[in-house]
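Biologist: Hello! I am new to reading protein structures. Could we go through one together?

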Amino acid sequence: MKEKCKKCLAAVLGYGIVLLGAMAIIFVISLLGGSLMGLMGFRYESVGSVFLFFLLATAVSLPASLLAQAIPAACFRRGWMPCLQAKIFYVILDMLATALGMLLVDRCMSSVSASGPAIAVVSLLLALLSAKETREK
């Protein structure tokens with residue numbers, strides 16, 4: 001019985017640490033992204049609303065972002081496009097997925113107001129950063 005409780009506690013602790021790490025990363029991205037978007041007309045009521053905006057935008061755009069990652073990789077592996085073209089295709093798809101998620105969340109949240117150019121610039125920067133990350137793998 002004690003072994004079962006230890007395994008369960010270890011699993012909960014592990015998932016908790018991973019969740020806290022993910023939240024910390026999203027918090028840093030929301031602070032930097034919110035600051036950059038603020039230069040281009042992004043308005044918000046509090047830092048918490050910026051964090052919630054980026055958290056919800058990440059959750060909403062996750063399925064489309066996964067597709068944006070899988071489609072260019074599959075096209076490259078099948079030989080339908082060269083590596084550079086697949087990377088450019090990935091950046092475009094990921095930018096569109098992130099921008100769509102941000103637009104949807106912006107429409108639903110009254111505590112934030114994001115302009116189109118602000119969303120486009122931050123989406124492009126996030127897509128370029130994630131493209132660099134996939135290149136290193």
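This is a predicted model: local features need pLDDT of at least 70, side-chain atom pairs count only at pLDDT 80 or more; totals for chains, interfaces and linings use all residues.

Biologist: Where does S123 lie?

Modeller: S123 is part of helix α4, which covers residues 116–136.

Biologist: And which residues is S123 in contact with, leaving aside its neighbours within four places in sequence?

Modeller: Contact means heavy atoms within 4.5 Å. For S123, the partners are M95, T98, A99 and M102. With A99 there is a further detail: the S123 side chain reaches the backbone nitrogen of A99 at 3.3 Å.

Biologist: Now G41, please. Is G41 buried or partly exposed?

Modeller: Partly exposed, with a relative accessible area of 29%. G41 sits in the loop between α1 and β1 (43–44). Not counting residues up to four places away in sequence, G41 touches S113 and S115.

Biologist: How do I read the way two helices pack?

Modeller: Look at the angle between their axes: 65 to 115 degrees counts as roughly perpendicular. Helix α1 (residues 2–38) and helix α2 (residues 47–77) pack at about 110 degrees, with axes 9 Å apart, and are therefore roughly perpendicular to each other. The crossing of α1 past α2 is right-handed.

Biologist: Which residues make the contact?

Modeller: From α1 they include M23, I26 and F27, and from α2 they include V47, V50 and F51. Sorted by type, the residues of this contact are twelve nonpolar, four polar and no charged.

Key. Residues are numbered from 1 along each chain as its sequence is written. Side-chain values use heavy atoms; hydrogens and water are left out. Axes are lines fitted to C-alpha atoms, for helices over the stretch in contact, and angles run from 0 to 180 degrees between N-to-C directions. Helices (H or I, at least four residues) and strands (E, at least two) are DSSP runs, numbered from the N terminus. Angles under 35 degrees count as roughly parallel, over 145 as roughly antiparallel, 65 to 115 as roughly perpendicular and the rest as oblique. A crossing is left-handed if the near helix is turned anticlockwise from the far one by less than a right angle, and right-handed if clockwise. Ala, Val, Leu, Ile, Met, Phe, Trp, Tyr, Cys and Pro count as nonpolar, Asp, Glu, Lys and Arg as charged, and the others, Gly among them, as polar. Buried means under 20% relative accessible area, exposed over 50%, partly exposed in between (1.4 Å probe, protein chains only). A polar contact is a pair of N or O atoms within 3.5 Å; within protein, one must be able to donate a hydrogen and the other to accept it, and residues adjacent in sequence count only if both atoms are side-chain atoms.
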